[in-house]
Amino acid sequence: MEKIQVKKLVKIFGDNPKRGLKLLKKGHTKEEILAETGLTVGVNDVSFDINANEIFVIMGLSGSGKSTLLRCLNRLIEPTSGEVKLGDSNITSLDKKELRDVRKHKFGMVFQNFALFPQRTILENTEFGLEVHDDITEENRKEKSLDALEKVGLKGWEDKYPDELSGGMQQRVGLARALAVEPDILLMDEPFSALDPLIKREMQDQLLDLYEELNKTIVFITHDLDEALKLGDRIAIMKDGEVVQVGTAEEILTDAKNEYVREFVQNVNRSQILTAEDIMIKPKAVLYENDGIKTAKYKMKRNGLTSMFAVKGKRKFKGIVRLENLIDAKKDIKDFIESTKTARPYETLDELFGDMADLDVPLPVVDKDNNLLGIIVKGTVLSNLAGEDD
Ligand SMILES: Nc1ncnc2c1ncn2[C@@H]1O[C@H](COP(=O)(O)OP(=O)(O)O)[C@@H](O)[C@H]1O
Ligand SMILES: [Mg+2]
């Protein structure tokens, strides 16, 4: 997988945009250039790298240049100057045919307005991106599309039409369509902005699950700071066509480069950036599904616990066993494993608070295959939040 490098990228809209380049070099602002020439600066001298296999979020207010920047990456919009590199290949100097090939195989795009065709079935919509791939058979195309639909949780919906699906499901089709091509890079332009908050959160979680499972670089645009903090390995903040800061959520919150970023993030607190993964700890010990009652009691006593989590095999999470239920029990613990709430590693403390409040035991953190990754104890949550002012 290849890194994306953006170097001194500029996009100016209007006739004879080179005029604008000169003015930019002289230090004129976007506003001044518009007033003097009628040209609009979309992206202004932007340089940064996107690491292979990271979620890179581009955030900024409406009109700040996010969409323009994203479309310059695969030259859906032709940059006025500057360079975009994908690994060793220079995207900005490819000829038409080479560019078409790169777009076809390397990039998948997902847009805010789903962009589904109403008269096509869900399967046909999903196949759309593959139709330009003349090197694969019809059968193969169907197979890849069904596979992509299954990945986004839409197995069984392939013969329906878009208007039979909810907004969230329609966007899953948008995502499946992009995934069907098996691109290295997903370009997502505010894909969840039109969705209700609850559905939005579901979609974010699903994207993070997919990210865990697929080996891809994701460039994700949003104007929603919470979304940026939740999804981004790193975040670029844009203003008036410029990237004013690139960093991890933590870096942006604790070390804002200027007043603009500071104002942007001032109302964020730690509970919105700390995730389950950040604060989970290794359980002292676990029970195995086949442990006998005696073993279980012994383990609890040994570790000073009145309940313990049980796993199957090495770490497949099964549930919780409480000492009080074992007092008069015989045989093994299997019959005494209760289900309990679990969290995913990327959930923020903000999201977890509700789940933690009424729990009298730690919160287990599991991956998408239900393997136990760690546990969250209430004390850690509080001490992490108390670190707010350091
Ligand atoms: N095709 C275009 N022609 C002229 N100006 C454009 C065009 N597309 C975008 N712009 C301008 O470029 C700037 C950045 O727009 P855009 O990239 O769409 O911002 P964002 O996605 O952050 O809302 C805005 O000032 C917008 O008006
Ligand atoms: Mg936009």
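Visitor: In which helix is Glu 31 found?
Guide: This is a predicted model, where local features need pLDDT of at least 70, side-chain atom pairs count only at pLDDT 80 or more, and totals for chains, interfaces and linings use all residues. Residues are numbered from 1 along each chain as its sequence is written, while chains are lettered from A and ligands numbered from 1 in the order in which they are written. Helices (H or I, at least four residues) and strands (E, at least two) are DSSP runs, numbered from the N terminus. Glu 31 lies within residues 30-37, which form helix H2.

Visitor: Is Glu 31 buried or exposed?
Guide: A residue is buried if 20 or more other C-beta atoms, placed from the backbone, lie within 10 Å of its own, exposed if 12 or fewer, and partly exposed in between. Glu 31 has 10 C-beta neighbours inside 10 Å, so it counts as exposed.

Visitor: Why is helix H3 largely enclosed by the rest of the structure?
Guide: Helix H3 covers residues 66-73. Its buried residues include Lys 66, Leu 69 and Cys 72. H3 is largely enclosed because, of its 8 residues, the number buried is 7.

Visitor: Which element gives the largest share of the shell around ligand 1?
Guide: Residues around ligand 1 (C-beta atom, placed from the backbone, within 6 Å of it) include Phe 13, Thr 40, Lys 66, Ser 67 and Thr 68. Two or more residues each come from strand S2 (40-50) and from H3. The largest share, 3 residues, belongs to H3.
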